[in-house]
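Visitor: I would like a close look at one part of this model, the aromatic rings and what surrounds them. Please go through it in one connected answer.

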Amino acid sequence: MFKAFHHVAIICSDYSRSKHFYCELLGLEVIAEHYREQRNSYKLDLALPSGEQIELFSFADAPTRPSYPEAQGLRHLAFAVEDVEKSVAILSAKGIKLEPVRIDPYTGKQFTFFSDPDGLPLELYQQ
């Protein structure tokens, strides 16, 4: 029944800062950008090379979501990469702080975590 994820929606606290992070630092491609005047809100559609999308929203006065300690609900968003160490080097050179690379004890694959500007946990996972 399910083929893949179509998109993941993220609500940010600072639209310009998050747009810069996802577009300039992570390199996601802008599909469409809309300002919704009646909601005083932006909706930015971003694409990964595989076709999955991230919808980045801004809403005035959106409450913060706890991440640490881990709360119930969506835990993190994981990006598949060919080479975790190379991806870490690229993101580190752009000023993004990443955790040390670890090995998944069940798959033997490398992975690491970092955060978006609002503290949303993001993961790099070896394809």
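Visitor: Is Phe-111 buried or exposed, going by its relative accessible area?

Guide: This is a predicted model. Phe-111 is buried, because its relative accessible area of 11% falls under the 20% cut-off. Phe-113 counts as buried too, at 16% relative accessibility. Phe-111 and Phe-113 form an aromatic pair with 6.0 Å between the ring centres and 85° between the planes, an edge-to-face arrangement.

The structure holds 7 aromatic pairs. One of them joins Tyr-15 and Tyr-42: the ring centres are 4.2 Å apart and the planes lie at 10°, so this pair is stacked. The pair links distant parts of the chain, since Tyr-15 sits in helix H1 (residues 15-25) and Tyr-42 in strand S3 (residues 41-47), 27 residues apart. As for accessibility, Tyr-15 counts as buried at 10%, whereas Tyr-42 is partly exposed, with a relative accessible area of 30%. Ring pairs also bring in Tyr-35, which forms a cluster with Tyr-15 and Tyr-42.

Leu-91 belongs to helix H2 (residues 84-93) and counts as buried, at 8% relative accessibility. Of these contacts, Leu-25 is 66 residues from Leu-91 in sequence, with a C-alpha to C-alpha distance of 7.2 Å.

Conventions:
Residues are numbered from 1 along each chain as its sequence is written. This is a predicted model: local features need pLDDT of at least 70, side-chain atom pairs count only at pLDDT 80 or more; totals for chains, interfaces and linings use all residues. Side-chain values use heavy atoms; hydrogens and water are left out. Helices (H or I, at least four residues) and strands (E, at least two) are DSSP runs, numbered from the N terminus. Buried means under 20% relative accessible area, exposed over 50%, partly exposed in between (1.4 Å probe, protein chains only). Rings of Phe, Tyr and Trp (its six-membered ring) pair if their centres lie within 6.5 Å; planes under 30 degrees apart count as stacked, over 60 as edge-to-face and the rest as tilted.
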